[in-house]
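Below is a report on one protein chain. Look at the sequence and the model first, then read on.

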Amino acid sequence: MQWSLFLNESYIFSFKKRQNVIDRPLHEPYLVKKLTACFGEQDDRYKSLIDNIINSTGQKHGTMLVILEETEARSEAKRLGDSQYGLPEPFPREHAGEINRLNAIDGSVILDTYGKIYGIGMILDGGHPIQNELNSSEENGKGGDEIPKGNLARGARYNSGKKYYDFLRASGKKGMILIVSEDGSTDILATND
């Protein structure tokens, strides 16, 4: 019960599991454009990072990549690791050839814009609790327990990524989250969108 529509050998969309799925293959020029819009120009044009991204889209069980600037990637991996929310990489390095084995671990992979991995199996918490309390004072009339709205039509991986994306935007941090679903579709959430 699935089929794909092509027009002059160009993929248009698929029908899978009773729903239309528009899969846009992630090609290097498209990724360079998205990354440059989010993080700015980079000398090597994001080569290692793009290799990690493209390899990750082949993950059969789905995965999530969190891309941050180097300093932010290091501090977020440490913060989450200190809270037992994942495994920080003690010596960050590029793992393009092994990314799917690392993606197989439940949780997200945190990378910097050069493709270096800083954390694996990361459980995204939507920001540090102390930070949330500071941002939700009585001045703005919101309580500290306010939770961003989810999307019931999407799975836990997407909603977790969306919550973390909302945290990045609210705190003014540059970031991109790539969510690969088990059905093969890919979502990109970028703080500049």
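## An aromatic pair in a helix

Rings of Phe, Tyr and Trp (for Trp, its six-membered ring) count as a pair if their centres lie within 6.5 Å; planes under 30 degrees apart are called stacked, over 60 edge-to-face, and the rest tilted. By this rule there is one aromatic pair. The ring centres of Tyr-164 and Phe-167 are 5.5 Å apart and the planes are at 50°, so this pair is tilted. The model is predicted: local features need pLDDT of at least 70 and side-chain atom pairs count only at pLDDT 80 or more, while totals for chains, interfaces and linings use all residues. Residues are numbered from 1 along each chain as its sequence is written, and side-chain values use heavy atoms, with hydrogens and water left out.

Both residues belong to helix H6 (residues 156-170), where they are three residues apart and separated by about one helical turn. Helices (H or I, at least four residues) and strands (E, at least two) are DSSP runs, numbered from the N terminus. An α-helix has 3.6 residues a turn, so residues three or four places apart point the same way.

## Helix H6

Buried means under 20% relative accessible area, exposed means over 50%, and partly exposed lies in between (1.4 Å probe, protein chains only). Tyr-164 is buried, with a relative accessible area of 0%, and Phe-167 is buried with 8%. The buried residues of H6 are these two together with Tyr-158, Gly-161, Tyr-165 and Leu-168.

The expected span of a helix is 1.5 Å times one less than its number of residues. For the 15 residues of H6 this gives 21 Å, and the end C-alpha atoms are 21 Å apart, which agrees. After H6 comes Gly-172, which has a positive phi near 70°.

## The sheet

Two strands pair if DSSP finds at least two bridges between them. Strands of a sheet pair through backbone hydrogen bonds, either parallel or antiparallel. Here six strands form an open sheet with mixed pairing, in the order S5-S7-S6-S4-S8-S9. S5 and S9 are at the edges with a single partner strand each, so one side of each has no neighbour in the sheet. On average, neighbouring strands are turned by 20° against each other, direction ignored.

S4 and S8 pair in the antiparallel sense over six bridges, and Met-64 stands opposite Ile-179 in S8. S4 and S6 run parallel and are joined by four bridges; Leu-65 stands opposite Val-109 in S6. S5 and S7 run antiparallel, also with four bridges, and Glu-94 stands opposite Lys-116 in S7.

## Strand S4

How many of the residues of S4 are buried? Six of its six residues are buried. In a regular strand the side chains alternate between the two faces of the sheet. In S4, Thr-63, Leu-65 and Ile-67 point one way, while Met-64, Val-66 and Leu-68 point the other way.

## Helices across the sheet

Axes are lines fitted to C-alpha atoms, for helices over the stretch in contact, and angles run from 0 to 180 degrees between N-to-C directions. Contact means heavy atoms within 4.5 Å. H6 lies across S4, S8 and S9, at about 175° to S8. H3 lies across S4, S5, S6 and S7, at about 30° to S7.

The buried residues in H3 are Glu-72, Ala-73, Glu-76, Ala-77, Arg-79, Leu-80 and Gly-81. Their cover includes S4, S5, S6, S7 and H6. The 13 residues of H3 should span 18 Å, and the end C-alpha atoms are 18 Å apart, which agrees. Gln-84 sits in the loop between helix H3 (70-82) and strand S5 (87-94). Its phi is near 65°, a positive value in a residue other than glycine. At 68% relative accessibility, Gln-84 is exposed.

## The nonpolar cores

A nonpolar core is a set of buried Ala, Val, Leu, Ile, Met, Phe, Trp, Tyr and Cys residues joined through side-chain atoms within 4.5 Å. The largest has 23 residues, of which Leu-35, Ile-53 and Met-176 touch the most other members. Elements that give two or more residues to this core include helix H1 (28-39), helix H2 (47-56), strand S4 (63-68) and strand S8 (175-180). H1 gives the most, with five residues. Another core of 18 residues lies apart from it, with Val-66, Ala-77, Tyr-118 and Leu-168 among its members.
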